Every structure is written in C-alpha cells, then in structure tokens.
Amino acid sequence: MPLILRMENIRNFCIIAHIDHGKSTLADRLLEETDTVSDREMQEQLLDNMDLERERGITIKSHAVQMDYQSSGTAYILNLIDTPGHVDFSYEVSRSIAACEGALLVVDASQGIEAQTISNLYLALEHDLEIIPVLNKIDLPGAMPDEVTDQIVDLIGCDPQEIIRASAKEGIGIQEILEAIVNRIPPPTGDPQAPLQAMIFDSVFNSYRGIEVYFRVFNGTIKSGAQVKFVNTGKTYDADEIGILKLKQEPCDEIQAGNVGYLISGIKVAKEVKVGDTITHVDRPCEALKGFEDVKPMVFAGIYPVETSEYEELRASMEKLQLNDASLVWEPETSAALGFGFRCGFLGMLHMEIVQERLEREFDMTVITTVPSVQFHAIGSDGSITIVNAPSELPEPMQISHVEEPFIRAQIISKAEYIGPIIALCMDKRGVIKNQVYLTSDRVELTFELPLSEIVFDFYDRLKTISRGYASLDYELIGFRKSNMVKLDIMLNGEKVDALSAIVHRDKAHEWGKRLCEKLRQLLPRQMFEIAIQAAIGTKVVARETVRAMRKNVLAKCYGGDITRKRKLLEKQKKGKKRMRQVGNVEIPQEAFMAVLKLD
Amino acid sequence: MTMAILKEIAMQKDYLQGELIDTIYFGGGTPSLLSKQELHEILQGLKSNFKITEQAEITLEANPDDLDISFLNELLSLGINRLSLGVQTFNDVVLTWMNRAHRREQAMKCFQMARSTGFDNISMDLIFGVPIESYDLADDLEITLDLSPDHVSTYQLTIEPQTVLGHRQRKGLLQEISQEQAAAQFELIISTLEQKGYQHYEISNFALLGKESHHNRGYWQQSFYLGLGPSAHSFNGHSRQFNVAHNAQYLAAVQQGVLPHKLEILTRSNQINESIMTGLRTSRGLDLGYLQERYQCDLQREQGPYLQELITNNFAEIDENKIILTRKGKLIADQIAADLFIVDD
C-alpha cells in the first residue's frame, strides 16, 4: 500500500462555517466523492457522531478523516480536520486550524457571513492558511449569491472567480472544491528526519482502548512502538498503536512529517491529553510547539443530585464524564440548602448545558444546577488576590479593597437595521462600544467591551431575539477590571438560601433581587404558612415578596373507587415532596434553584 | 344489563365472607333510569345471595327529572328508604351551563313530592365554586335550608381535562376560582349548615342528628364492600378490585362467566394511608390507636413534631388519641393527609 506518500501529495485542511451553513453536509459529500465512505455506510452528518451534537447542529468534539483522491493521474491524501463551531470552544478551533495549511470558508448564500465565521477566518489567516471560499446552498430560493460574493470579496480580498458556488445538499461544486484543495492549498513542509514534533489537536475517549490522541506531525516521523513524551505535561508513553484516520482507524508502522494520525497508548484520563501539546520522542526530543494553552473554565456553577442520596453516584458519573471532557473541572462543594454536590467550571454556557444533558442522558442522573457565575477576583488591601468561583467564597466587603471581574471583547455582526437595539442591549449589560464597521452597505460589525458575567445569562438569546436571528456573536477574554460587585442573598422566612446567592453589580442588585423574588413567588408552592421571600445585600433587604399560606387543599368525594385514585394522587405528591429541599421550614422545589436562569 | 348484574351477584356471593349487610346503594351514573321491575330483580338477587339486615339503609341516587309520584311510591314499596337527589344548584343559568336536564322548580317540586310520599331520609347534592358570574351560593343554601333535607353532600366543581369544561379552560374561556374564594365558599357552607343543626361529619357531608349515611361511613372505616356493574369498585380489607368501565366489555365477560375486574393489592402503607386520608376527613378523626393496633404504626413517634405543629397552629386537635381537624385544618385536609402518609422507598 502506498501509504508513505511524498509530502507534496498531502493536503491538510479544515472547514470554517457558521452553524447550519452546511459544514457537515459538505464533509459528507467530500467523503462520498472520494469513496472514503460507501453509500451503505453513509449516515447523515458523519463527522458529528455524538447524539447531542447532531441534535444541536454543532460539532462539540472535532475529529479528522483521511481521504484518497486522484487528480490528473496523481494520488493525493486529503486530511480533513473538523472544527467545533461554538465560541465556547475557540481554543480547540485554533489548534485544529494550526494543524492545517488551508481552509474551506463555507458561507450560506442566503445568510451571509456571521461573526463566528469571521473570527475563525481571522484565526486561519493568522496561521497563513490558504482560504478557499465556498458559497454554499446556492440552490435555495432565498440565495443571494452576488451579494454574498461581494461580502466575501470585501472580507478576504479575493478574486470573485475564486469563490466556488456549491450546494452540498445537491452535490453541486464538490468536484471543483476537491480540485481547489489539491491545486490551491500548499502541501505541508517539514523534515521527516528531524526530531519528532507533532501537535495534539484532539482526543477521543474509548472505553476499551483508553484515550485516542489525534495529532499532526510537523517534523520527524513517529513510529509504532516508540517511546513518546508529551512535552507540556512531561508524561511519557509507549506508542502501542499508531495509524491513520480513515472512516475507521487503520493502524500503520509510521507517520511522517506533514501527515495526520492517531495514537493509542493506554492513557486512561483525558486530562493528561491536552489539546495543543507537543508529542516528541523520549530519546530525541524537540521543542514544544507554540500556541499551547491550558484551557481555563469561564463559567462556574454548582451541580447537585436531585436525590441527596445519589451524591456518590453523581461523583462516579462526573469522573466518567471527565474521561472524555478534559475541559470540565470540578471540586466537591457543600450547600446548606442542597447538601453535597460539586462546584464545576465550564468553558461557557453551552458547555454547561452539554455537561448537564450528558449527565442526564448518558448517566441517567437528574441534577440541580445553581446560579452560573464567572470567576471574580477579590483584591485585598495588600494587593493579594482571592479567587472567587462561588458567591459563598466572596469575602466580606470590609476585608477587601475591591472586586475585579473578567471582561470580554465581543464582536457582533448584524444587519444594519438592528444596530439600535443591539447597542441598547449591550449598554444595558454594562457594555462600552469600541468600534463600528460596515462590512457591506447593510451588514455591520460592532465591537464592545462587556463584563463576562453579563453575557453568561440571557445575552445570546436576547441578541438573537432583537435581531430576528440575524446577529452573531464572538468574544474573547481581555482581562480583569475593577467593578462594584456585591453579594445578593435570598432569604426564605429569614433563612438564607445559599444556593440562590449571586454576585451582581451594585447598580443592578435591586432589579435582580426584585425579579428573582417575583420568580420565586411563582415557583414556590403555597404551604401551610406564609413564606416571606427577601433579597438582601448584607443586612439590607432590597426586595420582598410573599407566598400566601395555602387556604384550601381538599377535594370532595371520597367513596369507593375515589379512595384509590385520591390515595395514589396524594402518595405521588408526598414522593414529589421528598425531592424538595428544606431550608428552615420552607420546602423548595428544584425548579426554584434554576429560577435565575429563567429571569426575563 | 340487569341480567348481567344478577349473574355477577351470584358469582360474587362469597366476596363479603358472610358478613351482615346493612347498606345497599344504587349510585354512580343514573340508577333512577332503572324501572321498578329492574330494581326489584336486583334487590331480590341481593337478598337471595347475602344476609341483609331488616333495617338496612337502601339508597337510590336520582336526578330530579327522573322522579314522579308513582315512581316514588314504587321505590318506597321496594324497600328503598333513602334518596340522594342530584340537585347541584337551584340556579337555572348554572344548571344550563352544566348541561343538567332539570331546573330549579323541578328540583324543589321533586323534593317536596318525595317528602309527601313518605321518604324521611333525603340527601341533596350541592355543588359550589362555580366559576360563572350568575352563580349564587347564598341563594342555594337558603333554598336548601327551606326544604330542609336530612343530609347534604357538597362538592367543589372540579374541571377535568377530558370534559367540555376542561376544553373551555384550555381555551382560556374559563378559570377555576381561587383558593381564597373556594375557602370562603366552603366556610360559608359549613357555618350556615351547622347553624341549622347539621353535623359536619365528613369533609363533604352534613347530616341532621341520626341521619349520617351508613353507606358513606363504611367507606371511611375500611368496611368491606362489593360493587356491582361496570366500573364498580369492591374492597375486602386487603385488596380493591374494579370492574371494567365499559358496558359492552362488562356484559360480554359476565355472560361468559368471567369477572371483568382488575385487582389492586393494598400494601401495608397503602392501607395506613387510606386510613389516614379517610380518617382525617371525618369528625370522629383519625384514630391513632387503631393504626397502632391494626398496623403497628405509631404515628406519634414517626410524625410527632409535625403533629405538634398542627396543633400549635390550630389545624388540628387531639382528643382521646384521635387527630381531629379544626375547621381551618379541614380546608387543607389533603395536604395534611399527604404530609402524614407513609411512603415506601
């Protein structure tokens, strides 16, 4: 088998596209066209093989696949490296891009360019990738190919002729794309004889074989059975199996500079495999590749079992989850209201939702998630920094000089007609506008600086609503800044409910308290006595609501068959009550702990 | 149908294990549609298969529009000695709204006819909590007291999902009354009737002295009972069985000599919970001694602080080892029952 091709015949590329712009469908067509996959094996959207991903229409974990392709009598290897399409995973995207020499820029001909696409495109340009613009979905009645072509030309300064018009769904333009990959993307460079230098761009957990590490070799040659070292973690392993990534893995003896492959060496814990880390040989090591970062969580929340007795089970589930989700971090936490649970760190809100859903689907756990929060820094009078990942960790105001919170730079791209409401929204979220650029006559890019905590909650949904779905968002962390933050507590009949506390900006504390109290009033069932709901900063009550005592809860008729029906109903009620949490004399249903997420 | 019921009687003659029977109740649906002949045959069937006491309470549920003087006389001659009239309300607008066939005048006349025919034990069903404007509970109570039935059952209107009212509710055309309104109406019923000498002997039942329903009480004291006909329920202390709620299926099964019922075995906690639920509803209260003796369930030990809280907050009092709900407690009897329930893990 002509496995070891010359480097000139290898092409490494990725696809940059906004969610729903057709990346997965295009990938499917490329695999079909190159006979990498037969019709029989064809499953819709092959590259996204987690159920959750398919439902959400986004790629959460990136993968890679190798295709064989003949052009003008020459055999080529095309490595398609998939990229996740959400801002929560931008570091992973940057590593996937770093593994490529070219990128297909896929733009929906009816939608135009979106913020996420642009930020990934910039990433690709930074890494000197050759960009092949593809105008997808040109078969759709709403397609505006000329207009979107202008946008692309404006954006990357290419010749309109270079833009390939395609419809992945209809199979239009696929051959042309393959030819462009071969002819326009440069082959990789590197020295197969140099010390091994390969970059990890992804990993997948396999419960039988341990972690599968996906890498791109930049220099040197990795051989099966060699002793390898991960430069940043410093750990060494035996390369038990290496191979290339066809639709199924194909083991081989060696992989040379320029190519992409996988490595299996019995690694059990995903944490040991860090995206961006460098693989080298133990006996002939190289320098670490640039661009490695330890991914840090941005959003923190408590996760608690609904049934307090399921704490150990939840721990076991989280441990398993962590095996293939290295970006999830957690530590045990105790709440007076919720009992034993975990304080977890996530890359973003989407990541948090995914973890929660995976716990439910894959491990059958029902969990309560508490108010998501960002990481604050409490600065002492001596300049010392206390990291605050949970409201309970915020020191008393007297003990610190001030609080700093993370800020982001946000890029929002939208139709020009929605600028007004978008600016208003960002101002409301304590944002400052930094720049405003017209990409075309009716598409504008706005740049804001905003506190991260303000976009954690409902920002994205509101942005989508006010722009009728047009606006797209991308952001990056720009550092910590001083802010007037206070801890807002919720009390029920005078007892503090720690799981409902939040760190909020002082100017917003009243409004926040008022809305939360209102929401809780709707969510707390009436009990035999009145319930006072209060929001307080320190000892100062800033909002109050009352749940009146239950006045009537008895239904008539209790004869014969009614007795069974009624008993069953009440037994069910009683069981439901066992799932509630008690603070003082107040019973709190689990929905109440999620109330904050539903503030509107 | 009568033939099938007679056949079922014969098949079930041992269900009550030879116990003396002191109450028979024709109810559920509209038994007043039965002819004199059919009622006669069923009663004969019962008499020849069970031991029925001389002074047994024999009740017929009837719609006011089904009764006339001659039928009432026939009922008396059959030995039926108690009537339960489905009056619901004396308000014609509400009656129309509820799709009832009778009208205010008819109900009043029917009651007076029954009295003059010789029925000295008449119960009246009244509904409350009707969510339409013309509904007037005070007026219903006034007429009721004028007629002076021996027994009154009151039910709050509930809107079930699979009904016309449920449909209207979903479409937003109808809204159930608030807890506050329901409580106020229920309290008005209690105080008005109690003032006139009615005992509030169970959450939804009121009776003049000596006119409490033997039949109903049986349900709340875990007496055995046999239900006959489609969808009827029976209870023998440990299990409850219920006939199929489908006339044709019921008939077909009985004709083939099969009892078309399903069985529900009551666990210890089910039985305790039923005792708690029904006991709390009665003025005699929930007998803690009975729970202890029969089920070795010490509610004081298991729920001591909760019971104390009920008493402190005037929801209940304890008298001779019985928990008796106060008026305030009666209004939330379901909540208290659920709180006291035993739940198996």
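Arg343(A) is buried, its relative accessible area being 8%; here buried means under 20% relative accessible area, exposed means over 50%, and partly exposed lies in between, with a 1.4 Å probe and protein chains only. This residue belongs to a predicted model, in which local features need pLDDT of at least 70, side-chain atom pairs count only at pLDDT 80 or more, and totals for chains, interfaces and linings use all residues. Residues are numbered from 1 along each chain as its sequence is written, chains are lettered from A and ligands numbered from 1 in the order in which they are written, and side-chain values use heavy atoms, with hydrogens and water left out.

**Salt bridges**

A salt bridge requires a side-chain nitrogen of Lys or Arg within 4 Å of a carboxyl oxygen of Asp or Glu. Under this rule, 40 salt bridges are counted over all chains. In one of them, Arg343(A) pairs with Glu333(A) at an N to O distance of 2.8 Å. Arg343(A) is located in strand β19 (residues 339-346) of chain A and Glu333(A) in strand β18 (residues 329-335) of chain A, so the pair ties together parts that are ten residues apart in sequence. Helices (H or I, at least four residues) and strands (E, at least two) are DSSP runs, numbered from the N terminus.

In a further pair, the closest N and O atoms of Arg430(A) and Glu405(A) are 2.6 Å apart.

| Residue | Relative accessible area | Class |
|---|---|---|
| Glu333(A) | 13% | buried |
| Arg430(A) | 18% | buried |
| Glu405(A) | 0% | buried |
| Arg567(A) | 1% | buried |
| Glu264(B) | 10% | buried |

Salt bridges that share partners link Arg567(A) and Glu264(B) with Lys568(A), Glu571(A), Arg240(B) and Glu274(B) in one network.

**An open sheet in chain A**

Chain A contains an open sheet of eight strands with antiparallel pairing, in the order β11-β10-β16-β7-β8-β15-β12-β13. The edges are formed by β11 (236-238) and β13 (249-252) of chain A; each has a single partner strand, so one side of each is left without a neighbour in the sheet. On average, neighbouring strands of this sheet are turned by 40 degrees against each other, direction ignored. These angles rest on axes that are lines fitted to C-alpha atoms, for helices over the stretch in contact, and in general run from 0 to 180 degrees between N-to-C directions.

Strands count as paired if DSSP finds at least two bridges between them. Strand β8 (residues 210-219) of chain A runs antiparallel to strand β15 (residues 260-264) of chain A, and five bridges join the two. Within β15(A), Gly261(A) is the residue opposite Phe215(A).

**Buried elements and cysteines**

Helix α3 (residues 90-98) of chain A is mostly covered, with eight of its nine residues buried. Among these buried residues are Tyr91(A), Glu92(A), Arg95(A) and Ile97(A). Their cover includes β1 (10-17), β3 (74-81), α4 (115-126), β7 (197-206) and β8 of chain A.

Asn9(A) is placed in the segment before β1 of chain A. With a relative accessible area of 12%, Asn9(A) is buried. Leaving aside residues up to four places away in sequence, Asn9(A) touches Thr74(A), Ala75(A), Tyr76(A) and Ile77(A), a contact being heavy atoms within 4.5 Å.

Cys344(A) is buried at 1% relative accessibility, and Cys110(B) is buried at 2%. Zero disulfides are found over all chains in a search of the whole structure, a disulfide being a pair of cysteine sulfur atoms within 2.5 Å.

**Chain B and model confidence**

Chain B has 15 helices and 13 strands. Of its 345 residues, 52% are buried. Among the contacts in chain B between residues at least 6 apart in sequence, 66% join residues at least 24 apart.

For chain A, the mean pLDDT is 87, and 94% of the residues reach 70 or more. Residues 54-62 of chain A have pLDDT below 50, and this stretch has 38 contacts in the model beyond near neighbours in sequence. The pLDDT expresses the predictor's confidence in each residue, from 0 to 100. Where pLDDT is low, the predicted coordinates should not be read in detail.
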